[in-house]
Each structure stands twice: as structure tokens, then as C-alpha cells.
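I am opening my notebook on this structure and will write down what I looked up, one topic at a time.

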Amino acid sequence: MSASAKEPRWERRKQDRPQELLAAALQLFVERGYAATRLEDVAAQAGVSKGTLYLYFDSKESLFKSVVRAHMLPLLDEAEARVDSHDGHTADLLRELILGWWQGACRSGLKGIAKLMLAESGNFPELARFYHEEITSRGDATLVRVLERGMARGEFRPLDAHALKKVIAAPIMMLMLWDQSLAPCAIAPIDSDAYLASLIDLCVHGLKA
């Protein structure tokens, strides 16, 4: 095979490498925790040398932040775009937001990240600050926008949107943690569809003007 024929394959492989490292890092961070995960183990999991990993990430902290950004920012972009484009009743928007967040969590690795942040934030406050500034605060702001939209349109009764955002988000977080931590040892499993339907019903009727 000629050198020119080989080059596109090499370029594709090189371009794929950061994503392979991020996938390996997510798996190990969730399985072992932040402190116990070593960069050489991430490199081995991805099938590269530790030196190769350092070509893309200069520290474990930068690797962790890249993992979070790669998996979380697309979900936040998606949620904000949904709010921007919605022109119907706000209750329908809230329903779409909750279901979209869960579906995104199932496909993106967010459930594992939620478990990881809960376990590690006390030991690594700098990571907790990063997560709050780039992820949590942005998700909170989106939910506040939805609640204030419903109130401004007379669809929701006047309430404290900033307090409510955590009340609505907490059951979703609980479902993620259940799936990652308690589900394997539970006698009775949680039906996520029924759980979310109940949450949405409770929110919509509690907010209704």
C-alpha cells in the first residue's frame, strides 16, 4: 500500500485518539473515583502510551475537566436550544426538558459523572467549583428561564424560581444515583419511565396557575 493511501487512515486514527482517551477516562473515573485513577491506567485502557496521553492532556485535572465538558456541554446546548425554540405551553417545555435531560444522561455518561461528583466533591473542592461554574450554574439558569417563562405567560403561578430549580432537579439526580449505585442491590427496581412521569405530573400540577 502506498504512503498516500495510508495517510488518511493515520489522520483519522490521530483525530479519534482524544475521544478514545476521554471514553477510557470516564470509565475509570466512574469505576475507581478521581483519586484512585492514574493517568497510566487511562492510557493503557485507551491502548496508548502515557506519553501519548500527555500530548493531549497535561494533567489528571485537565483530563477530568475535558471528560466533563465533552459529555455535559452538548446536553446543556441541547437544553438551551430547546428553550429558545419552544413556542407552546411552558408545561410542555418543562416536560421535554426533564425527559430530554434523562435521555441525554442515558446516552452520554452523565449518570456516572453525577455519581462521581457527589463522591469526590468534598475531597477535591477545586473540581466542585469547576463543576458548579461550568455545568451546574448553567443548568440551573436554564431551568429558571423555563419557570420564569411560565410565570410571565400566566401559565404558572408566582413562585420562587431560584428555589424551585433545585426542587425539580433533585429527583432527577436521585434517579441517576440510584441507577449507578443502589439499583444492583435493590429488591424492587425503579421504573424510570413511571418515575419521570410522576415527577412531571407533580411539577406541572404544582406549578399550574
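**Ground rules.** I am working with a predicted model, in which local features need pLDDT of at least 70 and side-chain atom pairs count only at pLDDT 80 or more, while totals for chains, interfaces and linings use all residues. Residues are numbered from 1 along each chain as its sequence is written, and side-chain values use heavy atoms, with hydrogens and water left out.

**Helix H4.** Helices here are DSSP runs (H or I, at least four residues), numbered from the N terminus. I looked up the bend, which is the angle between axes fitted to the seven residues ending at a residue and the seven starting there, and found that H4 bends by about 30° at methionine 72, with proline 74 following within four residues. I then listed its buried residues (under 20% relative accessible area, with a 1.4 Å probe and protein chains only), and among them are Phe64, His71 and Met72.

**Aromatic rings.** Rings of Phe, Tyr and Trp (its six-membered ring) pair if their centres lie within 6.5 Å, and planes over 60 degrees apart count as edge-to-face. I found four aromatic pairs in the whole structure. Tyrosine 34 and phenylalanine 64 are an edge-to-face pair, 5.4 Å centre to centre with 80° between the planes. Tyrosine 34 lies in the loop between H1 and H2 and phenylalanine 64 in H4, so this pair ties together parts that are 30 residues apart in sequence. Tyrosine 34 also pairs edge-to-face with phenylalanine 124, at 4.7 Å and 70°. Finally, I noted that ring pairs link Phe29, Tyr34, Phe64 and Phe124 into a cluster.

Key
Helix = DSSP H or I, 4+ residues; strand = E, 2+ residues; numbered from the N terminus. Buried < 20%, exposed > 50% of the residue type's maximum accessible area, 1.4 Å probe, protein only. Phe/Tyr/Trp six-rings, centres within 6.5 Å; stacked < 30°, edge-to-face > 60°.
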